[in-house]
Each structure stands twice: as structure tokens, then as C-alpha cells.
Amino acid sequence: MGETANIAEISAKVADELFGRFLWRTQGPRDLNWPCEEPEIHGKKRKSKKTVPAAGDAARSAEAEPESDVESETGSTAPVVTHPTDVVFYYDEPYSNHRTYINCDLKSYAAKSIQKGEVRKAVNSLARALTCLEKSTTWRTRYVANDKTALYAGMLFVYNHDGEYDSQFDELLADISLSNLDIPRNSKIIVLGPRDIFWLDNVSDHIARMRGDGLIGPPEQTRFFYPPLVLAKNVQPSARAATTEMLTGPWIILKHRLPAALKESVVVFYRGKGEQIEEFSLLIDYLMFHGLVDEGIDILVCALMPDTEAKALFVKAIDDYILRYDGGDEFTLMLKAIRYQSMTQVRRAFSTTEIGMDRGR
Amino acid sequence: MAGKLIFSVSDSEIFDAYMSAPSHFTEKVLQEEGRKRSIFYSKHEDSASLARKLSRQVYGYRELQPIEEYFSQIGRADKTSAIRIDAALNQAELKSIAEEVASGAEASEEFTSYLDGDDLVVNAIYTQTDFSRNRFRQRQQKEAKVRFEIGPESTTVTMPATAKGREIVATLRNKIEEKRKAVLEIQEVDLSGIPDPTLRTLFFTKLASEFPNSTLNDVLRVKLQGSNSSSTSETEEENGDDNEIDLDAEMTKKEEAVAGVLRGAALSGQDLFGTSVFQDLRQRGFYITSITWRSRLQEVGNPIVEFNAEFEDVETCTSFRYSANTWKVRRSTGEYNESFGSIPPPKRAELLRRLQQFAMLTVQSIAAQTASAGSSVDKSGGDSEPS
């Protein structure tokens, strides 16, 4: 029960205080298992590293365990196979008329417990859940609305509760074999490690504080920015939330309208360190190309833990761009008006205990 | 306010970049691109689907760098060209001239020179712009390394077979001539004085089959050019041979039959010299202008090297250029690797030097053969004539 309480605590914080700021919504109950649709595949016994005796179920069961996320009811001869769901988020896609549902697996580990085996196991578990959830009446009844075509994703959220994890989480991901990972076509799995969560939490906190200070408009006057693309010109009006691609990308752009303001303002959360002028040149060009630099539009670029020279490089990149673009005085003033600031660091405790190690995933 | 792209890229450009190099941006590589962004896509997605998904994402400097890097690497795989200056030059003289040229280089170029043993190397790093190409190929940082191999009586100058390489060499050559107040005598691999298609083809077949210390392993690609009427008439006049005239007349008839359709041909496959289509084209008066072949070297491990040699100007057979970029070596078990890999730079430089020297000797031998034979050139070719 303690574990369940911890999951409820972390899922509430993650949903309301983190992804809620990115305009993700939650649907259905939290922290519930649902029946597997392919028990003959997902419920098969995984061979132990030890030699399994040639005959005898009892002997095998002593040395084998149900594969990954399989959970069996105690005392039952045939295991009841289920998949877990901690929380389901959804948002509307910007470039297609789809709604993405994210089946989330929340983990909270101490630094020393974040091991590649655990991460690999959790990602494989999510992949298996993805193959079942589209077919699962239970899952769809609980979590999917019928007004839009659904896309499905899994998200592994690996929170480090002691704040001491400083290794390269990417290296753990690199250990996952893509050929063995059976994700259904058009689905995906997103893995957010401690650094991703730290970054997103800071962005989320900054949005909250700016909103509290009256510098960002209310949520209903807020949307994340998706430019019309060459190969996908129509941006869906309902797509206001940050997609998983935006959250894991090099910057997050928020557009908002302050009360009584004529035009929307822009806040760019820049993830890079700002160690090279080219980083900012490219960002400025992106803003220019997509029509965000315009008269009356306030643009603020916020960076987390940037390089000590980042601000100077940002100013230099603006000056350099003005020279290259040669757009006249009005254009120069608009570019010079782009503001740059460092964000104040925060580290929030989503959970203070271990979640995930003994959940059999 | 939306304007011209200076640095950033559109989704379409990203998509094109991924799709334009399928052998590099394989499904596995595209999956890895997703993984770098902490996103695992389905292994059931094909390349186009993955490229579409990736192209819709935001590309910052860190994300664009590997793509830029890949396309700039492609640009570096230039062919090599060479000239021989028949004059005794010395390092100090060349170094001083190179420094003079460097001081007058454009601000957008990085121009350096240094001594390398007995050689002098002049290196220019510059940006090549071509707006007709894929965005990643529009602006490429390129390198033109020109090497002066100084000998007692002559100096061989190797350069990338690019406009920039030739421009640098021409500038340096002009400066030397200004200083010396004399015109330098230049030797090049050049068949402009040998219009006979059979002899032009002979040059390439000798190059491939008689490359020193090697055996011909295979001929993979051949480009042929139809000989023009002037070269035919010259041959007729020079030969004054009734049979040849008849043969040429027959050839002209066949050419007329395909006039306007077939001026050049490119063949690819295996053992091309033995194919009937090659023999037929050769008999029609087509001559080789480009050849890609593999030679098994007679040295430790017997590596199989893939060479290419060609004339940039296929009509006049001038601006000779060549390359040796890949080879297949043996594993410790003695078997050859399944695929060809890059040749290490020192070995590549050695092979290119040997190829250039052999090409020069071959041209000289054919020119000598032509001169000594006068109008009675044996049209059946030499020992290396493919049959």
C-alpha cells in the first residue's frame, strides 16, 4: 500500500505541476493494471540465467519468472497477465488530426539504483503494453475518447529522488537493442531521464512563476508554437500542448497573450548551453523564418545554466544577424528588442522514495 | 516577416537530406536519431516514415551538426589531378611564393602552407556555394590541398580535381613564372593530341590491366563517348587506307542510325571488357572516357583496390582526374572482408602517386607509338586491347 500511495503522490505532482504546464491533460484512473491481450506471448516464462531443468513445471517455476511486466495472482496455477498504467496523458497533434495518448510508467530511483538493466526492462515493458493497449477494450474504455483518431505512446519517467545522479543517462538508453524492441508501427516510446526531468521541471516552474508575476497570460491564452511546415502546412487549431518531440527538442516555444495585449508574446526556453555563437544564430534565424520576429511581439529567450559567455554570444549573434540580413532600421530594432535571461534553478521533489524496483516491471 | 533561410532548415530540407543518402541514413541510423532525442520509434517504420517523423522536429545547432558533417564529408571525396613542372624548383622559392599568395587570399578563405619532408603543401579551406543543391550541400566547407613533390629536375603537383584546386595551382604557377621571367614547361595526362578512339581506349585498358604490381580483378563501370566526325576524318586522312575508310564508312552508317540518340554510353556490371555491348560500341568508334576498376595488389594481404580514372572533358580527353578511395582487405582468418572500406590516407596517397606516374608513362608510350607508327597505327591495339 505504501508503494501505491507513493505512486499516487508522484503521479499527481507529475500530472498537475509538470506536464499540466505543458498543457497535457490526464484521462481515466491512475495506477491501475489492465488485462494483457496477448497472454500467450507476454505471459510466457522467461528463461533464468541458470540452467532450467529439462522437465517439471515446478522446477522451472523455481528458476523462471514471468516476463517483465507480467503480474500473477498469488495462488493461481495459471498466471493472470496484466500491464500497468500509472497515468495516461493526452494532447492533440499539431500536424495531423490525431490525439496522442501516453501510457506513463513513473519510476523514482536513488542515483545508485538507476541501472541499465532496470531501464531496459521498463522500456521493454512499455513496448509490450503498447502492443496490447490499442486492442484492449478495458484500456480504451478507461482512457480513450472517441472523438479523434488515437495515436499511442509510452513514456518512461525516471526520476532521481536523491538528486545525486550525474551520469550520462543517454548511455543507458544506448544499451537498449532497437531490433528487440517491438513497438507497434506509428507508436513510440519516450524516455525521460533525470536531466530531462530537471530541464522540464525548470521550464514548468518558470512558466508558473512568470504567470504568477503576470508576465505570462492565463493557460487558456497560452499555446506552444508549431509553425506551418513545408510538408505539413496545416497546423491544427486544437493543438496547443507541447508534444513529446518539443519537450525533448533543443527549445520549447510558448506563445501567450497578456490581458489587453494586441499581439501574442513569445517565450523561448533554450536548452543548449550557449557556448557557440552558431547556436544562437540558428535560433534567431528560426524565429525570423517562422515569422515570430515582428513589430509589437515581445520575445524573451530563457536559458537554464548557460555558459558564462552565453549572453555575450547571444548579443553578438543578434548583431551578426542584423549585418547579414540587412533588413533596415525597423528590422534592427525588432531584433535588438529580443531579450535574453538565465532561469533560476529549481529542484523539486516529485517523490522521496523508491518506486519501481519491486514492481516486477 | 518570414524571409530567406540563412542558418535554419525547413522540414522539407531535412526530409530530403535523409532520403537523399539512403545508404548512410538507413532505417537503423534514423532510429538512432530518434534515440538521441530520447524517442524510440517502431522498428516496423520504413525510412520514409522515419524521415517524415524526424523532419517535423526542431533542429538546433547540435542536431544539425551531424547532418552538416556528413554532407561536408561527401564533398571531401574529390578526385585528384596532377601536373608535372619540368623545371628544378626548390622549397624556399615555393614557400615564399605560397606565402605571397596566402597574403592576398580572400577573407573567406583560410590559406596555409607548410613543408612536409622534401615536399611543400599548400592548403586552402574555403566555402563552396551551390544553391541548386540540397540545402546541406549548398554551402560546404571544402579543402583544397595542393602538394608539390619536388624532384631534382621536375616537380609533380597534385591537387583536388576541382575548379578551386586548379585555380590555386594556376595562381602559384603564374607567380613562379613571374619570378623566373620564364614560361614553365608543363606535362599533363592528356589525350587531346591522340584523337584515335582505339588509342584513347587503349590508354584506359592499359591503365587498368597493366597497373604495376597488381592484377586486374574486375572492371565495374565504363563510360564511352562517340568519336566526332572531325576525329574520324582526321583518321581517314592520316591513314589513307582503303580498308580503314570502308570501316569508318560503315561506322558512320551505324552512327547515323543512332544519331541524336547515342553520343555517349555508360556501362556498369562485371567484367565489362568481355561484354558484347562494350565490344560493339568500341567497334562503332566509341572510346572510353572513364573507367572504374578493381586491382588486386601484389603485396602483403593482396588488398583489392577500387580505382577510377577519367577525363573531365570527354571530347578532348583533357583534365585527367583519378581516385582510389576504397579497398577490401583480408581478415586475420585470411578471408576478405565482405565490404570495401576506406583506404588509410598514407596508403591512398601512395596509390594515387603510382597511378598518376603510370598514367603519365602510358600516355607517353601511346604518344611514342603513334609517332613511330605514323599513319600506320595498328588499329587492333596492343597487348592490353580488350577482346
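## A partly exposed glutamate and its partner

E167(B) counts as partly exposed, at 43% relative accessibility. This is a value from a predicted model. E167(B) forms a salt bridge with K164(B). The closest N and O atoms of the pair are 3.5 Å apart. Is K164(B) buried or exposed? K164(B) is buried, with a relative accessible area of 12%. It falls in that class because buried means under 20% relative accessible area.

Side chains of opposite charge can pair when their charged atoms come close.

A second pair lies in helix 12 of chain B, residues 345-373. Here E350(B) forms a salt bridge with R354(B). Their closest N and O atoms are 3.2 Å apart. The two residues are separated by about one helical turn, because they are four residues apart in the helix. E350(B) is partly exposed, at 29% relative accessibility. R354(B) is buried, at 19%.

Which residues are joined into one network by salt bridges that share partners? They are K79(B), R166(B), E310(B), E312(B) and R321(B). One bridge to look for is that of E312(B) with R321(B). The closest N and O atoms of this pair are 3.6 Å apart. E312(B) is partly exposed, with a relative accessible area of 38%. Over all chains, a search of the whole structure finds 39 salt bridges.

## The two chains

Now step back to the chains. Chain A has 361 residues, and 51% of them count as buried. Its secondary structure comes to 11 helices and 14 strands. Take the contacts in chain A with a separation of 6 or more. Residues 24 or more positions apart account for 76% of them.

Chain B has 387 residues, and 49% of them count as buried. Its secondary structure comes to 12 helices and 13 strands. For chain B, residues 24 or more positions apart account for 65% of the contacts with a separation of 6 or more.

## Where the chains meet

The area buried between the chains is about 3,700 Å². Carbon and sulfur atoms give 63% of that area. In chain A, L178(A), L282(A) and F289(A) lose the most area to chain B. Together they make up 17% of what that side buries. How many salt bridges are there between chain A and chain B? The count is zero. Polar contacts do occur between the chains, in 16 residue pairs with both residues at pLDDT 80 or more.

## A sheet built from both chains

Strand 9 of chain A pairs with strand 1 of chain B, residues 39-41. The pairing is antiparallel and runs over three bridges. Find I190(A) and look across: I190(A) stands opposite I39(B) in strand 1 of chain B. Strands of a sheet pair through backbone hydrogen bonds, either parallel or antiparallel.

Six strands form this open sheet, in the order 1(A)-6(A)-7(A)-8(A)-9(A)-1(B). The pairing is mixed. Which are the edge strands? They are strand 1 (25-26) of chain A and strand 1 of chain B, and each pairs on one side only. R25(A) stands opposite Y90(A) in strand 6 of chain A.

Technical notes:
Residues are numbered from 1 along each chain as its sequence is written. Chains are lettered from A and ligands numbered from 1 in the order in which they are written. This is a predicted model: local features need pLDDT of at least 70, side-chain atom pairs count only at pLDDT 80 or more; totals for chains, interfaces and linings use all residues. Side-chain values use heavy atoms; hydrogens and water are left out. Buried area is the accessible area (1.4 Å probe) that two parts lose on being put together, summed over both. A salt bridge is a side-chain nitrogen of Lys or Arg within 4 Å of a carboxyl oxygen of Asp or Glu. A polar contact is a pair of N or O atoms within 3.5 Å; within protein, one must be able to donate a hydrogen and the other to accept it, and residues adjacent in sequence count only if both atoms are side-chain atoms. Two strands pair if DSSP finds at least two bridges between them. Buried means under 20% relative accessible area, exposed over 50%, partly exposed in between (1.4 Å probe, protein chains only). Contact means heavy atoms within 4.5 Å.
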